[in-house]
Amino acid sequence: MLTLSDLKHIWGRVVFRYAGRNISAGNATRSRRFYNLIGKLYDWLYADHIYGYRQAALYMMDRYIESGDSVLDIGCGTGLLMEMAQDRARMMVGVDLSLGMLKQARNKLNHCEQAYLIASDCRMLPLRGGFDKIVSSFMFVILSQDDQKKVVNNLASLLNENGSFVFLSARDEFSPEWLTNDQWRSLCLQAGMAKVEIQDVYDYYRIVVAQKCVIPHVVEEKSGKNLVASDSDHT
Ligand SMILES: C[S@@+](CC[C@H](N)C(=O)[O-])C[C@H]1O[C@@H](n2cnc3c(N)ncnc32)[C@H](O)[C@@H]1O
């Protein structure tokens, strides 16, 4: 007899195998139509009934969003990530192509004064910058490879010094649309990010964290001993 957990695993495998880019394949009009259509059902269909979706998102947000952060959520959908960060974030901006999805986000974040929602294509963002964290879950897979590069390059310019990308995706073993660790690394590094960390969680999910700038403490390594830069080096 199948349990609810078994069914959530099966549904997760189906979605990660066949969904992804196949649904909208880099076509913004198709993507907008699809998400407008399923906006009301999105949370129930995916976040609630794919094994580990909410848990992985919550783990990521709890771990990487710090108190006082300004947060930009790209492809915010129904506001899943923003809802999880609202108790800590100083300011949050969610961007999405689909009004149907944004309507759900607005209902969820109705009482959150520091949350702003913008209907926009992430390839033409009407934003200037100043974000500590740029988060995104399950959106890059929808873009073409060319657009992924352009969008990530632009996003890097919207980060504060020492700001980070915090992205949630699926592991690449399910279908070729999901980026491999190497692809994530080169995508972030080509945008000038300094350090990329990748962690797989809850069977299906991949968390990618890339830091904009790492202040170099170690200036030289000799005989196994680290030399640490300090003010006295200049005297
Ligand atoms: C799979 S859903 C993920 C939603 C949300 N991040 C979550 O995890 O619950 C992908 C979202 O990306 C949005 N999207 C797709 N292409 C986009 C684009 N070019 N610019 C902005 N948003 C886009 C869709 O409208 C949809 O809400």
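Trainee: Which residue in strand 5 is the bridge partner of Lys133?
Mentor: Ser164 is the bridge partner of Lys133. Strands here are DSSP runs of E with at least two residues, helices are runs of H or I with at least four, and both are numbered from the N terminus. This is a predicted model, where local features need pLDDT of at least 70, side-chain atom pairs count only at pLDDT 80 or more, and totals for chains, interfaces and linings use all residues. Residues are numbered from 1 along each chain as its sequence is written.

Trainee: How many bridges join strand 4 to strand 5, and do they run parallel or antiparallel?
Mentor: Strand 4 (residues 131-137) and strand 5 (residues 159-170) run parallel and are joined by 6 bridges. Two strands pair if DSSP finds at least two bridges between them.

Trainee: And what is the strand order in the open sheet?
Mentor: The order is 3-2-1-4-5-7-6, an open sheet of 7 strands with mixed pairing. Strand 3 (115-119) and strand 6 (195-201) are at the edges with a single partner strand each, so one side of each has no neighbour in the sheet. On average, neighbouring strands are turned by 15 degrees against each other, direction ignored. Axes are lines fitted to C-alpha atoms, for helices over the stretch in contact, and angles run from 0 to 180 degrees between N-to-C directions.

Trainee: Which strands does helix 7 touch?
Mentor: Helix 7 (residues 99-108) packs on the sheet and touches strand 2 and strand 3. Its direction makes about 170 degrees with that of strand 3. Contact is C-beta atoms within 7 Å, placed from the backbone.

Trainee: Is strand 2 mostly covered or uncovered?
Mentor: Mostly covered, as 5 of its 6 residues are buried. Buried is 20 or more other C-beta atoms within 10 Å of the residue's own, exposed is 12 or fewer, and partly exposed is in between, with C-beta atoms placed from the backbone. Strand 2 is joined in parallel by 5 bridges to strand 1 (residues 70-74), with Val95 as the partner of Ile74.

Trainee: What does the chain cross through from strand 1 to strand 2?
Mentor: Helix 6 (residues 80-85), in a right-handed β-α-β crossover. Right-handed is a clockwise path from the first strand over the helix to the second, with the strands pointing away from the viewer. Strand 2, helix 7 and strand 3 also make a right-handed β-α-β unit. Strand 2 and strand 3 pair in the parallel sense over 5 bridges, and Asp96 has Ala119 as its bridge partner in strand 3.

Trainee: Switching to the ligand: how many residues surround it?
Mentor: 21 residues, the closest being Gly75, Gly77, Ser98, Cys122 and Ser137. The cut-off is a C-beta atom, placed from the backbone, within 6 Å of the molecule. Helix 3 (28-38) gives the largest share of that shell, 3 residues.

Methods: Contact = placed C-beta atoms within 7 Å.
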